[in-house]
Every structure is written in C-alpha cells, then in structure tokens.
Amino acid sequence: METKMLKHSSTCTQSQVSGGDTSFAKLPSLYYQVKEGPAPPSPLNGQVTVAVKACGLNFYDIYVQQGLSPEIQPPCTLGLECAGVISAVGEDVESVKVGDHVAVHCPEAGACAQMITVDEESVIVVPKEISFEVAASFTVTYQTAYFSLFHLGGLRPGGAVFLHSAAGGVGWAATQLAKTIQDVTVFGTASAHKHEAIQENGVDHAIHYEQDYEREILSVRPQGVSIVLDSQAGAEFTKSQNLLEPLGKVVLIGAKGMIEGEHRSLWRVLKTWWSTKNVSPQSLIMKNHAVAGFHLNELRKKDPKTFRKGWMEVRDMIASGVLRPRIDSVWKFEEIVEATRQLSERKNIGKVIVKP
C-alpha cells in the first residue's frame, strides 16, 4: 500500500498509522508512514483551522516514538507544537482572525500535519516579523524553562543554575532566560564541539560530558547552585541534589537517561527508574533543599490561565529580541525519521524543525 505523510488533521489528536504490524522492533519508520486523511471539517464554535507552515520537534516526541509516554501512545502523529496561518474560524472566536500568524500548542500531539483544527485556546498570535520556524520553536522549550526557573525555581539575582544538556532545546532556552536575571551564573553540560555555541548563548562554565560535573561545579562555586534543571533522572538525580546550595531546588523536567538512539531499550528504562533514588524528607529538611517536577501539558490542563500568561510573556520577549531561539536544522515531512534521529542521538544545538 502506498502511503504518504499526513496531509490533514481535524484536531490535535492521534492519527491512524498504515500497516498492521506496530511492533517496536520496526520503529521508528512506522510512526511516519501515515495515510493521507480527509480535509479537516469546518471549525466548530470556539475552534480555528490553521494552515501549518512549520512544526517543532521536542525530546518528548522521542518518548512518544519509543512508546514511553503515558499520555500519548502509538500509532499517532507526532508534534506538540507548530506555527502557521489561520485559514478559518468558528463562531464565538474573538482572539484571532483569518490571516493571523499563530503558534499552536497540541498537548495530545498531531502538530506534524498540513492542516489542523484546534480550539481557540491552543493558538496565540505572533508578529508576522517572526519566522514560522521561530514561531514553531518556543511554545514547549521556552515555557518549560520559564516556569521551571521562575515559578518553581524562584531564580533570584546572584543565583546560579546548572543545566543538563545546555545545547538542547530547553537548555538553550533556559540559558537565555536565566541571563535575564542580574548576576546569574550558568553551568551547562554539552559535547566539546558544542561548547563555543553554548558559551556564546550565555553559559559561563561549559562542562564536557566526560568530566565530573559535580566536582567541576563545586570547585567554582563551593556552596552549590540555586537551581538544577534535571532532564536526565536516574543516578544524575542524586548528583543534582548534591549540587544544591541552601534553599536550592532541583526541578525534574524529563528522563533522557531512558533514551539511547532511536530504538527503545527496556534495560535503559528500568535502569533509569531503578537508579532514581527516593527523596528523603529528613534530608530535604536538614539541608534546606527542595525537589519539584514540571510537565507543561499538565500545567495547561489544570491551570490554563497561568499557562497562557507565560506563553504570552515568552512570545513578547522573543518579539522584543530579549530571547533568541536557535534553529538547529529544518527538515521536510518525508525526512522526519532523520529529524527525530537528530534529537535522539543528541546532535542538535537548539530546535529541530520539520515542514510540509
């Protein structure tokens, strides 16, 4: 059966994959060989239809790809965010109109399509001076960094932040956001060939993955750091807590330790969770430390007003030039396997984009 990339999606929901065998042994190709669907229906009350121009990939898409997401299970269409032009609006829609350029959030995936119909609250108008690639790049990564650093982390002037994967999407965003606070020091890990880029982005102390980052950080700042954005989990979660100064916080935002390459490894999954030690209440009290977790989709679901306010603030900082998203690479829809491999193999510096 001849198959094509998804052309249309009526909502930001999962789409049927062609072929009957969905075994993980044959992933990731099955995820992207999808049937051409019908044109989206006219938007209902409170809905809008968007002609998609660019889609942003996130590491969370790798979790989905490998069947590790508890919310989104294959077969499905990838993509938590995209950008495009409003092509139709339903009744009672007030915040956007036909022709507006918008960023789109799809918490249930499905953004990697040529046309999508979503509720009005899933879009935000962006200035037309902002490229579609940039508009598709900030919803997930910059908001994750924004809420983790400022709302959960409470970053203050003179503080210090440690970022696992400082060259990744969230790490890149968090560096820039941290530097909006006076006299903040940023430590970040990355492969050696990425050090120049992350330092230009604002990282004060770049650390290679093969170095003992715990020792390196404490040699520079013996009291520890104010915030660790931990995207690794596993044994790194314990090290993250060891790096905290009094009143410091670890914000757990992912579990990249489960991922190595493009195929799921049950051994790595089990090892990551087994080595993620339980938090000791007594230790937290005696050390004046805190541990938190952040999940953007859950925030939107349970506190949509706070989500939207943060979305608008991040957009405005990008529009004013305070924040500068970096586009690592742009791929065509038919190259989405290679695009996700760019993420899973940690080759990217900044955001990976796919386009119709």
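**Salt bridges, strands and rings**

Analyst: Glutamate 121 has a relative accessible area of 45%, which makes it partly exposed. The model is predicted.

User: Which residue forms a salt bridge with glutamate 121, and in which helix?

Analyst: Glutamate 121 sits in the loop between β4 and β5 (123-125). The closest N and O atoms are 3.8 Å apart, within the 4 Å limit for a salt bridge.

User: Is arginine 308 buried or exposed?

Analyst: The relative accessible area of arginine 308 is 19%. Buried means under 20%. Arginine 308 is therefore buried.

User: How far apart in sequence are the parts that lysine 351 and glutamate 81 tie together?

Analyst: These two residues form a salt bridge, with 2.5 Å between the closest N and O atoms. Lysine 351 is buried at 4% relative accessible area, and glutamate 81 is buried at 0%. Lysine 351 belongs to strand β13 (residues 351-355) and glutamate 81 to strand β2 (residues 81-89), so the parts tied together are 270 residues apart.

User: Arginine 300 forms a salt bridge with aspartate 119. How does aspartate 119 count, buried or partly exposed?

Analyst: The closest N and O atoms of the pair are 3.5 Å apart. Arginine 300 lies in helix α10 and aspartate 119 in strand β4 (residues 115-119). Arginine 300 is buried, at 13%. Aspartate 119 has 34% relative accessibility and counts as partly exposed.

User: What is the handedness of the crossover from β6 to β7?

Analyst: β6 and β7 pair in the parallel sense over four bridges. Alanine 160 has threonine 185 in β7 as its bridge partner. Between the strands, the chain passes through helix α4 (residues 169-178). The β-α-β crossover is right-handed.

User: Which residue in β9 stands opposite leucine 163?

Analyst: Strand β6 (residues 160-163) points Val161 and Leu163 one way, Ala160 and Phe162 the other, and all are buried. Three bridges join β6 to strand β9 (residues 225-230), and the two run parallel. Opposite leucine 163 stands leucine 229.

User: What class of aromatic pair do phenylalanine 147 and phenylalanine 294 form?

Analyst: The structure holds five aromatic pairs. In this one the centres are 5.8 Å apart, with 25° between the planes. Planes under 30 degrees apart count as stacked. Both residues are buried, and the pair is stacked.

Definitions and conventions
Residues are numbered from 1 along each chain as its sequence is written. This is a predicted model: local features need pLDDT of at least 70, side-chain atom pairs count only at pLDDT 80 or more; totals for chains, interfaces and linings use all residues. Side-chain values use heavy atoms; hydrogens and water are left out. Rings of Phe, Tyr and Trp (its six-membered ring) pair if their centres lie within 6.5 Å; planes under 30 degrees apart count as stacked, over 60 as edge-to-face and the rest as tilted. Buried means under 20% relative accessible area, exposed over 50%, partly exposed in between (1.4 Å probe, protein chains only). Two strands pair if DSSP finds at least two bridges between them. A crossover is right-handed if, with the strands pointing away from the viewer, the path from the first strand over the helix to the second runs clockwise. A salt bridge is a side-chain nitrogen of Lys or Arg within 4 Å of a carboxyl oxygen of Asp or Glu.
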